[in-house]
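Let's take a friendly look at a protein together. Keep the structure open beside you as you read.

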Amino acid sequence: MTNAIGANIRQLREARGWTQARLAHEVCRASGVIGDPVGRQEVSRWESGKRTPREWLPFIAAALGVPVDALRAPLVPPEPPLPTLADFLPDGDPLSPLQGRSGRRIGMGTVDDLQQRVHGLRLADDVLAGGDLIRPALRELRSAVKLYREGSHTSEVGRQLLRQIGELTQIAGWIASDAGQHAEAERIYRLGLSAARQAEDHTLAGNIAGSLAYQLSNTGREVEGLTLARAALNDAGLDAPPKARALYLDRVAWAHTKAGGVENGQQAMRALGEAGQALSEDSAGAESPAYTYWVDAGELRVMESRVYTELRRPLRAVPLLREVLSGYDATHTREMALYLSWLAVALADANEPEEAAAVAERVISLASDIPSERTAERVRVILGRLQEYAEVPEVASLLAEHPAA
């Protein structure tokens with residue numbers, strides 16, 4: 001009990017921002033005793049458990065504004081602080097304006113032009129892979145950062161430029177990641193986090209952080225991915241637009257899934273349910289950032305099916321994937337290949353190797369013309385998964401033609 005009392009005194013004191021000397025003074029004042037019979041050292045002895053403040057306990061409680069029983073209560077460890085995006089910012093400030101800027105004066109017209117190019121790059125990513133887009137994406141990003149650092153502009157124009165740089169880093173980072181340039185993608189994403197936070201656009205910061213979390217979860221850094229995905233959700237807050245919040249929760253679900261374990265699997269399903277609820281709050285009058293145009297019920301079903309596949313629950317995954325793929329836009333070749341890859345794995349898990357081999361053949365055919373490391377990795381996953389069925393004729397034929405790397 002002594003240790004609990006001391007720990008509770010310290011926790012309550014620190015919660016008020018008081019020093020030990022301040023608490024000693026307040027205890028003396030609460031007791032009404034003339035002079036200062038209690039000093040800082042006495043408070044230190046109480047908090048360390050070296051001495052029990054028996055007769056002083058009511059006055060300590062009065063000074064701290066709590067019942068006496070609150071000081072006697074068993075110690076409850078404080079909850080760990082929520083993750084924050086601040087720990088993921090780049091070192092220094094790569095966006096700091098140059099001294100003695102020599103660039104031209106920039107107005108909102110320049111910002112509008114950049115915004116259109118950013119959105120055009122985002123739309124191009126729907127139909128082209130990272131290997132096709134990495135050069136123009138990086139060129140556009142370098143140009144935008146140079147424009148911000150070297151040009152002269154008002155504070156509002158500067159803030160809007162930072163916002164566009166943030167949006168550009170999200171799509172450029174995504175493209176770099178798809179091209180297999182993960183270190184470059186991480187550097188780009190962290191630059192974007194800095195831009196979004198300086199622009200005070202918390203919704204955009206959450207989108208960028210969620211994209212980096214997705215990469216971390218998929219490249220063997222599952223703990224970091226989960227921490228960052230949760231930070232993106234927490235920092236954006238409940239005021240984030242419904243579509244954006246659904247997207248953050250989508251990333252949290254995937255991060256929990258990749259982290260593994262029963263508890264994480266349950267957390268993943270809970271996050272998917274919350275994502276669906278967030279999306280249901282979207283309406284024609286709700287304001288959503290342009291970059292969430294692709295977030296809809298179909299995309300949430302895709303993630304749900306992928307989670308079920310990763311959790312080895314094919315009876316749930318297969319029907320969902322078939323439903324989504326039946327109406328999917330065939331011009332989005334990379335995504336079609338990726339989603340089919342999940343179907344192939346789910347079919348293998350469902351002990352349907354013949355059909356899994358047929359779907360895998362289609363994935364390989366689509367992926368052969370796509371310069372995307374993500375699709376290449378999925379092909380390797382499928383071929384590895386089908387090794388278990390190497391004696392099935394259809395699988396044997398596939399593996400002979402496409403040996404697993």
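This is a predicted model: local features need pLDDT of at least 70, side-chain atom pairs count only at pLDDT 80 or more; totals for chains, interfaces and linings use all residues.

Residues are numbered from 1 along each chain as its sequence is written, and side-chain values use heavy atoms, with hydrogens and water left out.

Here is where the two residues sit, with helices taken as DSSP runs of H or I with at least four residues, numbered from the N terminus.

| Residue | Helix | Helix residues |
|---|---|---|
| Leu161 | H8 | 155-178 |
| Asp250 | H12 | 242-259 |

Start with Leu161, which has a relative accessible area of 0% and is buried (under 20% relative accessible area, with a 1.4 Å probe and protein chains only). Beyond its neighbours within four places in sequence, Leu161 is in contact with Ile106, Val111, Leu114, Leu147, Tyr148 and His153; contact means heavy atoms within 4.5 Å.

Now to Asp250: is this residue buried with or without a salt bridge? Asp250 is buried and has no salt bridge (a side-chain nitrogen of Lys or Arg within 4 Å of a carboxyl oxygen of Asp or Glu). The nearest side chain of opposite charge belongs to Arg251, 4.4 Å away. Leaving out residues up to four places away in sequence, Asp250 touches Leu272, Ala275, Leu300 and Met303.

Note on methods
Buried means under 20% relative accessible area, exposed over 50%, partly exposed in between (1.4 Å probe, protein chains only). Lys and Arg count as positive and Asp and Glu as negative; His and the chain ends are not counted.
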